[in-house]
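Please keep the viewer open as you read.

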Amino acid sequence: MNAILDTLYTVWNQFVYTISNVGFFDIIDILLIAFIVYKAIEFLRETRAGQLVKGIVFLIALYAFSIVFKLAVLRWLLSAVFGSAIVAIAIIFQPELRRILERMGQTKIGGLQSSGGENSETISAVEKICKSAGQFSKTKTGALVVFERKTQLGEIINTGTVIDAEVSESLIGNIFFPKSPLHDGAVIVRDGRIYAASCILPLTQSSDFSSQLGTRHRAAIGMTENSDAVVLIVSEETGIISIAFNGQISRNHTTESAFETIKEKLTYSSEQEKGSFLKRIKNIFLNDKSREEEK
């Protein structure tokens, strides 16, 4: 009993000593490590990298096994693999690493700041596009509209045709008319104007989404994985209106719900985007559940 009390007393003294010697920069150090760990969890949960990490953990366990049981050939082989691990990781995780770096460069303030003219113009554009989407849904006309936020989409715009025209329902209808030369691709909306059409979007490589989603939906998801854009999709097969944002997709929108959702995404304030640290960690672990419900 005395030995247990002595141990507890020693541990307590060490704890008090450690706490009493914690300085301001030690707290900063701890917070930075916590942030890095949080981002690593977010990275693994949001991408297919989680499956790849399981493979790496398996190789590490196999390497430890070869050391314990003195399996020289296996140990040599795994040592050679780990010797080029940095290069291999950079190649394997290239899409995910690019996405992280792009997001690090994104500001958290939405594209609209006040109720001024630009705000009204953009909201008016969203309203007209959503009304057109409602008509496309009835006629099962496929459509793909990208609303640019802070991430500039110059590379995507270069794949299409620059229009830079005021948004109108008739113009949107003409662009996505099945026999129109510009209908095959995405429309880019910048600052409340139709800036480009017939743009090619990157396809998502994730396998976490329903097989019912076609190329148009996968392109929308891929666009939001590589930028902070909001994408509106109308299915050519079913007429269902969907919205992609931040690598996720929500389906079965009405004209009204699509308008409200897109307006909310475009007018995000910095306070809305920040959220609490614990709440964001909780949301990471709820992502898989919400994806399954969407399927």
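## Aromatic pairs

Rings of Phe, Tyr and Trp (its six-membered ring) count as a pair if their centres lie within 6.5 Å; planes under 30 degrees apart are called stacked, over 60 edge-to-face and the rest tilted. This is a predicted model, and 5 such aromatic pairs are found in it.

One of them joins Tyr-63 and Phe-82.

Another pair brings together Phe-65 and Phe-69, in a tilted arrangement with 4.6 Å from centre to centre and 40° between the planes. Phe-65 is partly exposed at 40% relative accessibility, whereas Phe-69 reaches 51% and counts as exposed.

## A charge over a ring

Have a look at Arg-190 as well: its charged end sits over the ring of Tyr-195, 4.6 Å from the ring centre.

## The nonpolar cores

In soluble globular proteins, nonpolar side chains tend to be buried together. Here the largest nonpolar core has 27 residues. Which members touch the most others? They are Ile-129, Val-145, Phe-147, Phe-176, Val-187, Leu-232 and Ile-262. Two or more residues of this core come from each of the helices α7 (117–139), α9 (169–175) and α11 (255–266), and likewise from each of the strands β1 (143–147), β3 (186–190), β4 (193–199), β5 (230–234) and β6 (241–245). Helix α7 gives the most, with 6 residues.

Setting aside neighbours within four places in sequence, Ile-129 is in contact with Val-145, Phe-147, Val-167, Ile-172, Val-189 and Leu-232. Apart from this core lies another, of 21 residues, including Leu-144, Ala-186, Leu-213 and Ala-219.

## Confidence in the model

The average pLDDT of the protein is 80, and 79% of the residues score at least 70. Two stretches deserve a careful eye. Residues 107–118 have a pLDDT below 50, and the model gives this stretch 22 contacts beyond near neighbours in sequence. Residues 269–281 also fall below 50, with 15 contacts beyond near neighbours in sequence.

Definitions and conventions:
Residues numbered from 1 in each chain as written. Heavy atoms only, no water. Core = buried A, V, L, I, M, F, W, Y, C linked by side-chain atoms within 4.5 Å. Buried < 20%, exposed > 50% of the residue type's maximum accessible area, 1.4 Å probe, protein only. Helix = DSSP H or I, 4+ residues; strand = E, 2+ residues; numbered from the N terminus. Contact = heavy atoms within 4.5 Å. Lys NZ or Arg CZ within 6 Å of the ring centre and 35° of its normal. pLDDT = per-residue confidence, 0-100.
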